[in-house]
Amino acid sequence: MIQPFTRYRAAKITVAGGFGVGKTTFIAAVSEVPPLRTEAPVTEASAGLDETRDGKGTTTVAMDFGRITIDDRADDRLVLYLFGMPGQHRFWFMWNSVAAGTIAAVVLADTRRLADAYPAIDFFDQHRVPYAVAVNAFPHAGPVTEQELREALNVPAEVPVLRCDARDRAQVRDALVRVVQHAIHVHRATRSSPVSA
Ligand SMILES: Nc1nc2c(ncn2[C@@H]2O[C@H](COP(=O)(O)OP(=O)(O)OP(=O)(O)O)[C@@H](O)[C@H]2O)c(=O)[nH]1
Ligand SMILES: [Mg+2]
């Protein structure tokens, strides 16, 4: 219960990355409210437009939304509002709207197709939004060291690169805490402003 003098803080976090990397899964794993999804079937009619991967039958066509309370002390509460980007190229025009006002982002990456993370990394670099890269745990992904990941993704040393199974609530929560800590550090150091639509 919120006490009379609870300090209530809220922040928007964006979850991005390539098609089918686990953005919708990541938000659903951790949300304390039923997540809002905008999934549509990948149909034959969209053959050649929609990508298909790992037998994935649906794709996000607008955004995902969820919420998690991170800091839940009696006098201080931090709630994160999670917005998931659509991964498919034809929906990238929505990224500005979905990310508007975000204080930080998680870019999900799959080691089998790291290059799919580049557009999201470029987007947050351009908008000066602090982000962490979370490498997802897909089967057959193979072992890759953090150094190899950093070189392949070309992210600077200060950007956190973590491992995170998007299906695991505790790992997703840890990734979010880490990106919030990183964002606080970056915002203090640079006084950067949120994305404007
Ligand atoms: N093994 C494994 N499967 C995962 C993991 N994360 C996601 N998946 C699976 O990958 C599939 C794609 O996940 P989605 O969450 O729909 O991916 P998305 O990034 O939202 O996809 P788009 O919105 O279409 O770009 C689902 O079947 C998930 O269960 C993971 O860490 N490990
Ligand atoms: Mg999705």
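Reader: Is Arg128 buried or exposed?
Author: This is a predicted model, in which local features need pLDDT of at least 70, side-chain atom pairs count only at pLDDT 80 or more, and totals for chains, interfaces and linings use all residues. Residues are numbered from 1 along each chain as its sequence is written, and chains are lettered from A and ligands numbered from 1 in the order in which they are written. A residue is buried if 20 or more other C-beta atoms, placed from the backbone, lie within 10 Å of its own, exposed if 12 or fewer, and partly exposed in between. Arg128 has 12 C-beta neighbours inside 10 Å, so it counts as exposed.

Reader: Where does Arg128 lie, and what is its phi?
Author: Helices (H or I, at least four residues) and strands (E, at least two) are DSSP runs, numbered from the N terminus. Arg128 lies in the loop between helix H3 (118-126) and strand E7 (131-135). Arg128 is not a glycine, yet its phi is positive, at about 55°.

Reader: Which loop holds Asn154, and is Asn154 buried or exposed?
Author: The loop is the one between helix H4 (146-153) and strand E8 (161-163). Asn154 also has a positive phi, near 55°, in a residue other than glycine. With 11 other C-beta atoms within 10 Å, Asn154 is exposed.

Reader: Why do the buried residues of H3 line one face of the helix?
Author: The buried residues in H3 are Ala120, Ile121, Phe123 and Phe124. Seen down the axis of H3, these buried residues fall within an arc of 160°, so they line one face; the arc is that of the directions from the helix axis to the C-beta atoms. An α-helix has 3.6 residues a turn, so residues three or four places apart point the same way. The face of H3 turned away from the buried side carries the exposed residues Asp122 and Gln126.

Reader: Which elements do the buried residues of H3 pack against?
Author: Packing here rests on contacts, and two residues are in contact if their C-beta atoms, placed from the backbone, lie within 7 Å. The buried residues of H3 pack against strand E1 (7-17), helix H2 (95-99), strand E6 (104-109), E7 and H4.

Reader: How many residues of E7 are buried?
Author: Both faces of E7 are covered, with Tyr131, Val133 and Val135 buried on one side and Ala132 and Ala134 buried on the other. E7 is largely enclosed by the rest of the structure, because its buried residues number 5 of the 5.

Reader: Over how many bridges do E6 and E7 pair, and which residue is the bridge partner of Ala105?
Author: Two strands pair if DSSP finds at least two bridges between them. E6 and E7 pair in the parallel sense over 5 bridges, and the partner of Ala105 in E7 is Tyr131. To restate what was asked, the bridges number 5 and the partner is Tyr131.

Reader: What is the hand of the crossover from E7 to E8?
Author: E7 and E8 run parallel and are joined by 3 bridges. Val133 has Val161 as its bridge partner in E8. The chain goes from E7 through H4 to E8, and this β-α-β crossover is right-handed.

Reader: Which helix gives the most to the shell around ligand 1?
Author: The shell has 21 residues, of which Gly22, Thr24, Thr25, Thr60 and Gly87 come nearest; a residue is near a molecule or strand if its C-beta atom, placed from the backbone, lies within 6 Å of it. Two or more residues each come from helix H1 (23-30) and strand E3 (58-60). With 3 residues, the element that gives the most is H1.

Reader: How many residues of H1 are buried?
Author: The buried residues in H1 include Lys23, Thr24, Thr25 and Phe26. H1 is largely enclosed by the rest of the structure, because the count of buried residues is 8 of the 8.

Reader: What separates the C-alpha atoms of Asp168 and Phe26?
Author: Asp168 lies in the loop between E8 and helix H5 (169-190). Asp168 is partly exposed, with 16 other C-beta atoms within 10 Å. Asp168 and Phe26 are 142 residues apart along the chain, and their C-alpha atoms are separated by 7.9 Å.

Notes
Right-handed = clockwise from strand over helix to strand, strands pointing away.
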